[in-house]
Amino acid sequence: MIYLQLFFSFIQVGMFSIGGGYAAMPLIQNQVVELHPWITMAEFTDLVTIAEMTPGPIAINAATFVGIRIAGLPGAVAATMGCILPSCIIVSLLAWVYYKYQGGKALQSVLASLRPAVVALIAGAGLSILAVVLFQGQAMAIKNVDWVGAGLFAAAFFALRRLKWNPILVMSLCGGAGALVNLFIVSQ
């Protein structure tokens, strides 16, 4: 019985947590703290911390944690399967529709109209991160520019676009250069 409760609780989380892992947290809290008092609010805060620290999607990590806490390994499997089942079904249906109608003009029109929106979302996120790096959370003014961050950004952009360096190498070099600059130049 507990396995079915875990499964159905987390199938609701998987089905209605549109927007990613952080959007799922209130749903998980509602299911595991309020509806089914499986864990306390203090344990829920620990759950959030553990789910964020471990690799993988937050909602799935939380489902696995709650499942193990409540019913051991079978509970973890039931909760995790409940959390991922809606996504698997929806993606499978979308893949079926895509493969069936991939040559159709209507589907191509929909996909063509989604491309600019996706590019805009990625660009918006990138610009937000760039603003945080360059201005360090302060007002956007020339006096607040972090020139080390700006220089590292320009060097990384050049290395990635012109020199076609490996992104992991570029990130490692920027991290090392930023650490050295902040350690030896800025701190003095």
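Visitor: Which residue does Arg69 form a salt bridge with?
Guide: In this predicted model, Arg69 forms a salt bridge with Glu43, and the closest N and O atoms of the two are 2.0 Å apart.

Visitor: Is Arg69 buried, exposed or partly exposed?
Guide: Arg69 is partly exposed, because its relative accessible area is 43%. Glu43 also has a value of its own, 22% relative accessibility, and therefore counts as partly exposed.

Visitor: Let's stay with H3, then. Which of its residues are buried?
Guide: The buried residues of H3 are Phe44, Leu47, Val48 and Ala51. Seen down the axis of H3, these buried residues fall within an arc of 100°, so they line one face of the helix.

Visitor: Why would residues three or four places apart point the same way?
Guide: An α-helix has 3.6 residues a turn, so residues three or four places apart point the same way.

Visitor: What span should H3 have, at 1.5 Å a residue?
Guide: Helix H3 covers residues 41-53, which is 13 residues, and at 1.5 Å a residue these should span 18 Å; the end C-alpha atoms are 19 Å apart, which agrees.

Visitor: Changing topic: where does Ser9 lie?
Guide: Ser9 lies in helix H1, which runs over residues 2-16. Helix H1 has 15 residues and reaches 21 Å from its first C-alpha to its last, close to the 21 Å expected at 1.5 Å a residue.

Visitor: Buried or exposed, that Ser9?
Guide: Ser9 is buried, because its relative accessible area is 3%, and the buried residues of H1 also include Leu6, Phe10, Ile11, Val13 and Gly14. Leaving aside its neighbours within four places in sequence, Ser9 is in contact with Gln31, His36 and Trp38.

Visitor: What about Thr80, which helix is that in?
Guide: Thr80 is found in helix H4, and at 15% relative accessibility it counts as buried. Not counting residues up to four places away in sequence, Thr80 touches Ile60, Ala63 and Thr64.

Visitor: How many Å apart in space are Thr80 and Asn182?
Guide: From C-alpha to C-alpha, Thr80 and Asn182 are 43 Å apart in space, and they are 102 residues apart in sequence.

Visitor: Now H5. Which residues are buried there?
Guide: In H5, the residues Leu107, Leu134 and Phe135 are buried, and what covers the buried residues of this helix includes H4 and H6. As for its length, the 31 residues of H5 should span 45 Å at 1.5 Å a residue, and the end C-alpha atoms are 45 Å apart, which agrees.

Visitor: What follows H5?
Guide: H5 is followed by Gln136, whose phi is positive, near 50°. Further along, Asn144 is found in the loop between helix H5 (105-135) and H6, where it counts as buried because its relative accessibility is 16%.

Visitor: Which residues does Asn144 touch?
Guide: Not counting residues up to four places away in sequence, Asn144 touches Leu134, Phe135, Gln138 and Ala139. Gly151 is found in helix H6, and it counts as partly exposed at 37% relative accessibility.

Visitor: Last topic, the surface: which residues make the nonpolar patch?
Guide: The nonpolar surface patch, of about 480 Å², is made by Phe158, Leu163, Trp165, Leu169 and Leu173. One of them, Leu163, lies in the loop between helix H6 (147-161) and helix H7 (167-186), and at 42% relative accessibility Leu163 counts as partly exposed.

Visitor: And Lys164, what is its phi near?
Guide: Phi of Lys164 is near 60°, a positive value in a residue other than glycine. Lys164 lies in the loop between H6 and H7, and it is exposed, because its relative accessible area is 60%.

How values were computed
Residues numbered from 1 in each chain as written. Predicted model: local features only at pLDDT ≥ 70, side-chain atom pairs only at ≥ 80, totals over all residues. Heavy atoms only, no water. Helix = DSSP H or I, 4+ residues; strand = E, 2+ residues; numbered from the N terminus. Buried < 20%, exposed > 50% of the residue type's maximum accessible area, 1.4 Å probe, protein only. Contact = heavy atoms within 4.5 Å. Expected span 1.5 Å × (residues − 1). Arc of directions from axis to C-beta. Patch = residues over 30% accessible without salt bridge, like charges linked within 9 Å, V, L, I, M, F, W, Y side chains within 5 Å. Areas by Shrake-Rupley, 256 points an atom, 1.4 Å probe, with all protein chains shown as cover. Salt bridge = Lys/Arg side-chain N within 4 Å of Asp/Glu carboxyl O.
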